[in-house]
Amino acid sequence: MAELRYVGKPVARDDAIDKVTGAARYTHDLAVPGMLHAVMVTSPHASARIVRIDTSDAEALPGVRAVLTGDGLSYRVGLYMVDKRILARGVVRYHGEPVVGIAADTIDIARAACRLVKVDYEPLEPVLDPRDALKEESPLVHPDLETYEHAKGVFFPEPKTNIAHHQRVRKGDFDTAFASADVTLTAKFYNPPVQHVPMETHATIVQTLPGDRAEIWSSSQSPYTVRHLLSVCFGLPHANIRVHVPYVGGGFGGKAGLHLEPLAYVLSKASGGRPIKIVATREEEFNTLPSRQGLHSTVEIGTDKSGRIVALKATYVWDAGAYADYGVNVGRAAAYSGGGPYVIPNCWIDSYVVYTNKIFGTAYRGFGHLEVLWGIERAIDMMARKLDMDPVEFRRLNLLREGETTITGEAFTAGHGSPVECLDAAAKAIEWGTPSEPASKPYKVRGKGIAMLHKAPAMPTYTSCAVVIKLDEDGAADVLVSGVDYGQGTYTVLKQIAAEELRIPIEKAHVTWECDTAFSPYDWQTVASRFAYMGGNAIIEAAADCLRQIRDVAGQAFDVPPDKIVCEDGVAFVDGDPDRRIPYAKLALGYTFENGNSIGGPIIGHGRFIATGLTHLDPETGQGLPAQYWTYGAHAVEVEVDTQTGEIEVLDIATVVDAGKVLNPKLCDGQVVGGVVQGLGSALWEEFRFDESGRFLNPAFVDYKIPTAKDIPRNTQRILLENPQPGGPYGARGVAEHPMISVPGAIGNALHDALGIEFTTLPLNYERILLRILEQGDRG
């Protein structure tokens, strides 16, 4: 293979200058002539019957243009499970749920009007623990669950229960294998709900237009999904809905699907077609918009005397919150990934997505895998100690290798990458097996820990995308996509691929930053670490289409077959006769001979890619092919713990990911560091807290702590392996989510190494650590 000019090189981010100079425009920045501002009245109760809503004083306030309640809105919305109202109707199901929407001339008038609304509630008994919600005597969050539309054959809600979805995996005979195992372990773990905390909160502008049309601007990860779900919800033709997505200030999964757009749509209709802008406050981002689901895990492992895993059972009880439109897919992915990257001949997994009266869950970076692998990787360490084995050796013995099968029956091949290489590289990076250096103070102790990770894109079997490349008059290329770059740097990678394949200087390749469903080609959603893989393949095909047209026209111009035309540096020339050459600029719109005759026409290339080889999972056994590809990796950490305060410092963290092919080392490096720091947030600080009535207690940064730049570990090692992925662009596979996964597990394992204490609940904050140290001292 010829040496690559741009792919694999540390090209600087295409958006960097616009963002740091303020030239980038976000939905927050936009204003439309005649625009109104909307605000929501939200519920103060986690579960209550709405007795009466009096909006008369709000409607009478000068400047108020529209006031809506759920009584006049019969619509339901949702992606996989259509279970949510635009505004609460009859009952509220979580503290912070929107009850009234008000549009006014200014944001201050809208807020003043909200304070004038009177709502009488009859509080009901809330369901706050998903384990209690599984009991027969539990109140039902959705008594009419059986009436909801959902993705049939993929998700399986259980009517007259709180179970939105139950995903099973059954392989071999767990009961027999576990009963005959030489060594067994049972352990329970917990992950709390957490917030995505994007820099830009959710924002949208919607204007309804004559002829049942609508134009939308949104800080969304999913322009075509927004269009499709609005079409289904309101019965509009897809062509009548136009969605713009400008720059987006972060998402992490929280801006996938549909959020504020339906409310803005109905308020625009109610105000006579005025544009409506809704921008979530930071408190609403926490308390009204979706979060990452909480998870209760029970893991049972059985091994033989040599340490080989013979049986594994996991029960995952997801706290879906009040709605599960996206959460059901998290529960599905958790099941087929739920045993970790290990050979498990006998496996039994139940993944329950359970309604409660809390803020509802959605996609979050890692899509359930951080939560699941917190339990699995802690349990693997615990089992290694029971066996008196080194945790690295225990993992190496049981990791997936070529010729083995996953828990859903997928054959593991060399093209999957190498979990063993990931493990060994991580262990080597922190000198596993060598004692830590003495701690910095006598009352501090140090420890090392390691954890594996894996993830595949959690997406429908029909997931697809398209790319259009059009050549400009100067021979430059405009690349049109509808996948969204909301900070991950994918547009820069796509630019590199376009320049590489078109054989043009990289400064002549441009990816358009605003997605527009009226002009940009289709893309499913920008989630699941699939965009570089699928979009990259589509660009390669689109570039090939452009080159075919260039060669065809240049061949006619020189009276040679198209296969005799060579393309390089934006020039087409005859093979073996480079003086016979035409720059792309003279071919882009068609070629004109000296006598005035013209041939060809504007060069526009089209590429597409669709997921291949995927199947639905068997509803009873979970057997099937859920993954386009898998990405494997490992984290190894060294920590220092202050035994007087419980303070923990991560001294060193090595992250290994098998990227297949590193398309841009600078961007991969940034993804690893960012993912690790976000993983530290889940490991050490972040959690939602609720009181006994279900009221959300910490919906702001005063009481909800996230890591900052000062929390970056002293040393972060980024190790990217390159075992090529068959079918990936240049052999690449996705790596965006993976650096966050298993950071908590590695730290939990290091804490045990330092303190001899088993931690099973996140976050591992200083208070929790100190209390356990004190408990250990009392027992000692």
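**Close-up views of a predicted chain**

View 1. Residues are numbered from 1 along each chain as its sequence is written, and side-chain values use heavy atoms, with hydrogens and water left out. The chain has 17 helices and 31 strands, which are DSSP runs numbered from the N terminus (helices are H or I with at least four residues, strands are E with at least two). Its radius of gyration is 27 Å, close to the 28 Å that the globule rule gives for 780 residues, so the chain is as compact as a globular protein of that length; the radius is taken over C-alpha atoms, and the rule is 2.2 Å times the number of residues to the power 0.38. Along its principal axes, the C-alpha trace spans about 95 × 70 × 50 Å. Among contacts (heavy atoms within 4.5 Å) between residues at least 6 apart in sequence, 79% join residues at least 24 apart.

View 2. A search of the whole structure finds 28 aromatic pairs, where rings of Phe, Tyr and Trp (its six-membered ring) pair if their centres lie within 6.5 Å, and planes under 30 degrees apart count as stacked, over 60 as edge-to-face and the rest as tilted. The rings of Phe-234 and Tyr-265 have their centres 4.2 Å apart and their planes at 25°, so this pair is stacked. The pair links distant parts of the chain, because Phe-234 belongs to helix α6 (residues 223–234) and Tyr-265 to helix α7 (residues 261–270), 31 residues apart. Both Phe-234 and Tyr-265 are buried. Elsewhere, Phe-286, Phe-688, Phe-690, Phe-696, Phe-701 and Tyr-704 form one aromatic cluster.

**View 3. Helix α12 and its surroundings.** Of the 11 residues of helix α12 (residues 419–429), 8 are buried, so the helix is largely enclosed by the rest of the structure. Among these buried residues are Pro-419, Cys-422, Leu-423 and Ala-429. The buried residues of α12 pack against α11 (391–398), β18 (444–455), β29 (631–642), β30 (648–658) and β31 (715–721). The helix is followed by Glu-431, whose phi is positive, near 55°.

View 4. Val-197, in the loop between β10 (183–191) and β11 (203–209), has a positive phi of about 55° although it is not a glycine, and at 14% relative accessibility Val-197 counts as buried. Ala-528, in the loop between β22 (515–516) and α14 (531–558), has a positive phi of about 70° although it is not a glycine, and at 10% relative accessibility Ala-528 also counts as buried. In the loop between α16 (743–755) and α17 (766–779) lies Pro-763, and the peptide bond from Leu-762 to Pro-763 is cis, with omega near 0°.

**View 5. An exposed residue on a strand.** Asp-579 is found in strand β25 (residues 577–583) and, at 70% relative accessibility, counts as exposed. The C-alpha atoms of Asp-579 and Gly-331, which are 248 residues apart along the chain, are separated by 61 Å.

Key:
This is a predicted model: local features need pLDDT of at least 70, side-chain atom pairs count only at pLDDT 80 or more; totals for chains, interfaces and linings use all residues. Buried means under 20% relative accessible area, exposed over 50%, partly exposed in between (1.4 Å probe, protein chains only).
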